[in-house]
Amino acid sequence: MERRKSILIRLAISFVLLGIVPLAAAGTALLGHLKDNMERVVLDDMGRMVSYGSRHTEEMVEEYSGLTKYIYDISTDDGTFLYQILKSPGLSQEERKMEITLLLSDMLDRDSRLRTACFKDQKGRIYYATRNAQKILDEDAFLYWTGKEDGEGNVSVLSPHVDDYFQDSGNQVITFRRSYQDITSFETIEDCLGSLYVDIDRSRLSSSLSDMDMGLNGSFYIMDHSGACIYSVDSAVTGNAPDSVASLLPFMNQGKGSLLQEGSYVVYERLEPYGWTVAVKVPQDQVLNMEGIIRYTAVFLGAVFLAVLCLYWHKYNCAPNKQIR
């Protein structure tokens, strides 16, 4: 009896040290490995979505900024270009205003995506053409919005806004700015004669980006440098700052990367030329089904545990017989 009790104690100790402890360690390692694999797969999927969205956004911005190049192609009926109108000493201000307004109207006629075209010369004088029913431009309100961009570079994009520089207008627009250079000669090409501003309906951008929802159970955002949402699958967020993502912009300080913040994965890519950021956010609990992982791991480890237990039980029952023989 004492020998059987001693064997039982030794088997119990060996069961704990050689069975339960390795099993627990293996279970922890297996759980971590499954979690890491799932996380890597999801982050790769999110990264592909962000890359796709970034490429599509860059193409879209290049296309819309390309519309501003029309300013170099248009001319009056007698073949006079904008730089010639601006530099002509023989024109009165009224004549100059009429000629430039006609050129800007011609720009609108060339592409239906343009809502308003404004030109501000080096003296701060503003000329414009618009599709708005409200035709009178509030120049102070317009200067307020255009003053928000830094004016650096040949092309820049202003934050999404309402074109409230036209009274009672509520159109959601994005404004593209292009510096207009003096193309009289190679010697004057570096001289800036003013800036062109074109407003594009934000709904036009939304239609261009409508295929960004690629089925991932999360949210897709395009934000400007201030955190304002230029586009989101959720139309209610567009035009506002998605607080949960916009607050992370200071941490998105690399060309591309990922963050785990407040229970959500965020994968992003910065579009440096425009100051925009493309980001995808997915809640962690929708990515990692930990209950399912734990359940499957528990079933596997439970089966191994029972197998080990049966082995030790069989060894314990057979041990006295061996002693008698």
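This is a predicted model: local features need pLDDT of at least 70, side-chain atom pairs count only at pLDDT 80 or more; totals for chains, interfaces and linings use all residues.

The lining of the second largest cavity divides into five nonpolar residues, three polar and one charged. The residues in question are F142, W145, T146, L158, H161, Y165, T175, Y197 and D199. Two elements, α5 and β6, each give two or more residues to this lining. Which of the elements provides the largest share? That is α5, with three residues. The cavity itself has a volume of about 30 Å³, and the structure holds two cavities of 30 Å³ or more.

Let us turn to α5, which spans residues 139–146. Its buried residues are A141, F142, W145 and T146. Viewed down the helix axis, these buried residues fall within an arc of 130 degrees, so they line one face of α5. In general, an α-helix has 3.6 residues a turn, so residues three or four places apart point the same way. On the other side of α5, D140 and Y144 are exposed. What do the buried residues of α5 pack against? Their partners are the strands β1 (114–121), β2 (126–130), β4 (161–162) and β6 (192–201). At the start of the helix, a side-chain oxygen of D138 comes to within 3.2 Å of the backbone nitrogen of D140.

Thank you for your attention.

Key:
Residues are numbered from 1 along each chain as its sequence is written. Side-chain values use heavy atoms; hydrogens and water are left out. Buried means under 20% relative accessible area, exposed over 50%, partly exposed in between (1.4 Å probe, protein chains only). Helices (H or I, at least four residues) and strands (E, at least two) are DSSP runs, numbered from the N terminus. The arc is that of the directions from the helix axis to the C-beta atoms. Contact means heavy atoms within 4.5 Å. A polar contact is a pair of N or O atoms within 3.5 Å; within protein, one must be able to donate a hydrogen and the other to accept it, and residues adjacent in sequence count only if both atoms are side-chain atoms. On a 1 Å grid over the protein atoms alone, a cavity is a set of points where a 1.4 Å probe fits but cannot get out, and a pocket is an open set with protein on both sides within 12 Å along at least five of seven lines; lining residues have an atom within 4 Å of a point. Grid points are joined across faces, edges and corners, and a volume is the space filled by probe spheres set on the points. Ala, Val, Leu, Ile, Met, Phe, Trp, Tyr, Cys and Pro count as nonpolar, Asp, Glu, Lys and Arg as charged, and the others, Gly among them, as polar.
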